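Subject: Handover of a structure and the findings on it

Dear colleague,

Please find below the structure that I am handing over to you. My notes on what was found in it follow directly after.

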Amino acid sequence: MSVIRSTVAGCGSYLPEKILTNNELAKTVDTSDEWIVQRTGIEQRHIAAEGEVTSDLALAAARRALEHAGRDASDIDTIILATATPDHTFPATAVTVQAGLGITHGAAFDMQAVCSGFVFALTTADAYIRSGMSKRCLVIGAETFSRILDWQDRTTCVLFGDGAGAVVVEAAEGRGSNDDRGILTSHLRSDGRHKDKLFVDGGPSATQTVGHLRMEGREVFKHAVGMITDVIEDAYEATGLTSDDLDWFIPHQANKRIIDASARKLNIPPEKVVTTVQWHGNTSAASIPLALDAAVRDGRVRRNDLLMLEAMGGGFTWGSVLLRW
Ligand code: UT7
């Protein structure tokens, strides 16, 4: 049976130049390199320069993804940009990227699912492509979390960083089997009962301010592994595949302990896990495409490899995408 599959034609990423190490952070807030590494695995994070905004990061990642895919900006008909730190309340940061790429056709919009944003955006692109509404999408995760952190709050400011990653996703013909290249299945969930466990305490309608990120870290941690493993098991159920079939596990990079515990619970061996949290910190919607791009460019991920992407974040939102590269 012939089916439309959304295949990834290429990827790219961008990190701001400035690196902030744990030791540098420990000079301004009561923390230590030892605590941060032990509790999170994070060693450093990148911080956007003054005046460098989310769309700048997104645009750089998008250009690299287009180049890697061998496609022109004019080939793109849909841009979906996942971010919780847009340049402005409106217009969507995606339209700034669209203008930056010189695209005047098609549609561009933002997606807000915080750390799960990239998984939600990729799933949306897949739905657009499979329905025939779109032929080729640029899916971007881009964040400047440094702008919404309370730099006096050691329980949150040590965890996050800035960055962007992008993929070009396009329609291709598949046979409807697990051997097809492209997205094989995806599973999205949210549960708003948990909305106060990870949130920003400002917003245009509520306070007319931007606000700062607030998190009950222990509470988030408590739910993370169960939610992550549930949506991955949904993907296994939908396809009949198992952890044994995976070539790479590319999780959202929030905390190495969460990544390790999820992999352990799913029987995924450590050598199949792509981990970049040590270098990037938690870059929210950008973390998966940043990790993916790192593993593609260093030659780990190869054509036809089976990849499991997953994320969990504020809302709570969580989801998985199983795709063959
Ligand atoms: O991407 C979205 C999803 N977000 C996440 O996945 C984050 C999930 N949560 C976590 O990753 C972890 O809960 C944290 C890394 C945030 C915290 O680790 P934890 O092992 O849960 O530590 P804790 O919150 O239980 O805090 C332990 C102690 C506390 O001191 P007391 O009360 O035991 O005296 C904290 O005050 O560590 C203290 N602490 C710190 N100490 C040094 C908290 N932050 C720091 C810090 N430096 N930066």
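**Salt bridges**

Asp298 and Arg300 are joined through their side chains by a salt bridge, with an N to O distance of 2.9 Å; a salt bridge here is a side-chain nitrogen of Lys or Arg within 4 Å of a carboxyl oxygen of Asp or Glu. Asp298 is partly exposed, at a relative accessible area of 44%, and Arg300 is partly exposed as well, at 29%. For these terms, buried means under 20% relative accessible area, exposed means over 50%, and partly exposed lies in between (1.4 Å probe, protein chains only).

Before going further, please note that this is a predicted model, in which local features need pLDDT of at least 70 and side-chain atom pairs count only at pLDDT 80 or more, while totals for chains, interfaces and linings use all residues. Residues are numbered from 1 along each chain as its sequence is written, and side-chain values use heavy atoms, with hydrogens and water left out.

In the whole structure, the search finds 13 salt bridges. One of them connects Arg130 with Asp126, whose closest N and O atoms are 3.1 Å apart. Both residues belong to helix H5 (residues 117-131), where they are four residues apart, about one turn of the helix. Helices (H or I, at least four residues) and strands (E, at least two) are DSSP runs, numbered from the N terminus. Arg130 counts as partly exposed because its relative accessibility is 45%, whereas Asp126 is buried, at 3%.

Another salt bridge brings together the side chains of Asp201 and Arg214, at 2.9 Å from N to O. This pair links distant parts of the chain: Asp201 is in the loop between strand S9 (198-200) and strand S10 (213-215), and Arg214 is in strand S10, 13 residues apart. Asp201 has a relative accessible area of 34% and is therefore partly exposed; Arg214, at 24%, is partly exposed too.

**Glu170 and its surroundings**

Glu170 is placed in strand S7 (residues 162-174) and is buried, with a relative accessible area of 10%. Its side chain makes a polar contact of 2.5 Å with the side chain of Arg136. A polar contact is a pair of N or O atoms within 3.5 Å; within protein, one must be able to donate a hydrogen and the other to accept it, and residues adjacent in sequence count only if both atoms are side-chain atoms. Setting aside residues up to four places away in sequence, Glu170 touches several residues, among them Arg5, Arg71, Lys135 and Arg136; contact means heavy atoms within 4.5 Å.

**Domains and the nonpolar core**

The protein chain is divided into domain 1 (3-174) and domain 2 (182-324), with bounds that come from an automatic or database domain assignment. The C-alpha centres of the two domains lie 14 Å apart, and 51 residues of domain 1 are in contact with 48 residues of domain 2.

The largest nonpolar core has 43 residues, and those with the most contacts inside it are Ile268, Met308 and Met312. Such a core is a set of buried Ala, Val, Leu, Ile, Met, Phe, Trp, Tyr and Cys residues joined through side-chain atoms within 4.5 Å. Helix H7 (217-239) gives the largest share of this core, nine residues. Because domain 1 and domain 2 both give residues to this core, it lies between them.

Apart from neighbours within four places in sequence, Met308 is in contact with residues including Ile232, Trp248, Phe249 and Ser320. Ser320 lies in strand S13 and is buried, with a relative accessible area of 0%. A polar atom of the Ser320 side chain lies 2.8 Å from the backbone oxygen of Val231.

**The ligand**

Which residues are closest to the ligand? Of the 23 residues that surround the ligand, the closest are Thr31, Arg218, His252, Asn255 and Asn282; a residue counts as near if one of its heavy atoms lies within 4 Å. An N or O atom in the side chain of Thr31 is 2.7 Å from a nitrogen atom of the ligand. Two further side chains are placed by ligand oxygen atoms: a polar atom of His252 lies 2.9 Å from one oxygen atom, and an N or O atom of Trp35 is 3.2 Å from an oxygen atom.

Yours sincerely
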